[in-house]
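Subject: Structure handover

Hello,

Please find the structure below, followed by notes on what was found in it.

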Amino acid sequence: MRRYDHTLKFQVYLFLKRRYYQNYRNAICKLANTDPLVLSREHLRQLLSFVSAHNKYYALYLCKNHELNNLPILTKDIIRRQFKELQSTKQIAATTYKNSSGGSTGKPVTMIQDTNYNSWSEATQEYYFREFLGVGKNAVKSVWLWGSERDLSKINSWRTKVGLYLQNQLFLNTFETSDQYWLEYIERIRSYRPYYVAGYAGSLYQIARVARKYNICLYKPKFVYSAAEMLRDFMRKEIEEQFNAKVYDYYGSREVGAIAGECSAGRRHVFIMNNAIEILSDADRPVNDGEDGRIIITNLHNYAMPMIRYDIGDTGAMSFDRCVCGSSLPIIERLTGRVTDHFRLKDGNLVHGEFFTHLFYFRDWVKQFQIAQIDYDHVRISVVPDSKVDERDVADINVNIRTVMGKDCAVEWLYVDQIEKTPQGKFLFTRCLIDE
Ligand SMILES: [Zn+2]
């Protein structure tokens, strides 16, 4: 058996969920046999043609010709205000459902998605596993360190338990954890012997950190799959060292599904057959190849409430270089977090969130931290200390923060027992609270 063939267990799973997965198999088949660029163009053409006939919001802009750049940028505010108009008048998929995304602003946005969207997103993820990681997502055993309270709320139902068994997955709830839980999870991973370990970037980092603290050797998987949070360099380093395995970073979102995934050469390839990507300047104009800009995403499969030219709030640059890994998919580089991750200066300039996270590298007494910009001249640092506070480090960090934020910037330190996560269970290292 090839390592990405569906196991008998997973075939049973697909059979049980056949109403939802009727498109999944078709998508898998198309992905395996068609050039991604051809698929991407075909899907975009079909979507634009559909919305010009069956969607009040988009049809307005497409009366002359069916070009993507005739459409306005879709923001979370527009989704909230035009929720009804954005829903298509005709449904092509068997079922639709509500999904919501909080993001770092804490204001959730609700979308309607359909089974066509869901099938394509899952099939694209499967494609990523097969083509880039050399194994089917459910063909081997995996452990998932997952932190979303919403996803985990159903975990104790027998349906979910059977589903996880059939999918070869062990889920471990990392929403709220102390060292004691992590130590237990380390043992559970060891006895489960997964082929790969997957999880929120922050959860993988925390378990690696506990392993270092207690000098425990972690079970070595074939690879580690990081998702749902920005994987910072220092996190990657710690995770790779402790698991003694390579980390693959996956980029997706609740709004548009699978976006991009990292290859063996460490570059992120864009799944253009699932989402079309544009990189635009602040003036909504396309930037040159290789230049940084806002990432604008068009999901190609959600016909129920199409997300076309959606401003996801991340920034990055596209490269059409041929990658040494052999994949023809374009590459997204310098992917950075939500725009709210950046701090704002009075003159309108932004300070990159990573400037602040870098200040906390190699401060061993810091267990967890979050840096929030309360106002233009007020920064609040919350720290969960692991040992005695090092006042020299504190002074050093204060100096560095005032260098970029201004010499009068107040730096407030809070020592806390835990730092709150977003309702989706994501941990944010930096938060800009101005105008939230
Ligand atoms: Zn590559």
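The largest nonpolar core has 77 residues, and those with the most contacts inside it are Leu 74, Tyr 128, Tyr 196, Phe 223, Tyr 225, Ile 277 and Ile 295. A nonpolar core here is a set of buried Ala, Val, Leu, Ile, Met, Phe, Trp, Tyr and Cys residues joined through side-chain atoms within 4.5 Å; buried means under 20% relative accessible area (1.4 Å probe, protein chains only). Helix 6 (residues 115-133) gives the largest share of this core, 7 residues. A second, separate core has 54 residues, including Leu 170, Val 210, Ile 371 and Val 383.

The model is predicted: local features need pLDDT of at least 70, side-chain atom pairs count only at pLDDT 80 or more, and totals for chains, interfaces and linings use all residues. Residues are numbered from 1 along each chain as its sequence is written, and side-chain values use heavy atoms, with hydrogens and water left out.

Leaving aside neighbours within four places in sequence, Tyr 196 has among its contacts (heavy atoms within 4.5 Å) Phe 129, Trp 144, Pro 221, Phe 223 and Tyr 225.

Phe 223 and Tyr 225 also belong to strand 6, where they point one way together with Ala 227, while Val 224 and Ser 226 point the other way. In a regular strand the side chains alternate between the two faces of the sheet. Strand 6 is largely enclosed by the rest of the structure, because 5 of its 5 residues are buried. Helices (H or I, at least four residues) and strands (E, at least two) are DSSP runs, numbered from the N terminus.

Strand 6 pairs in the parallel sense with strand 5 over 5 bridges; pairing requires at least two DSSP bridges between two strands. Ala 227 is the bridge partner of Tyr 200. Strand 6 also runs parallel to strand 7, joined by 3 bridges, and Ser 226 stands opposite Asp 249 there.

Strand 5, helix 10 and strand 6 make a right-handed β-α-β unit, as do strand 6, helix 11 and strand 7. Right-handed means that, with the strands pointing away from the viewer, the path from the first strand over the helix to the second runs clockwise.

In helix 11 (residues 233-243), the buried residues include Phe 234, Met 235, Ile 239 and Phe 243. Their cover includes helix 10 (201-213) and strand 8 (257-262). Just after helix 11, Asn 244 takes a positive phi of about 55°.

Regards

Key: Buried < 20%, exposed > 50% of the residue type's maximum accessible area, 1.4 Å probe, protein only.
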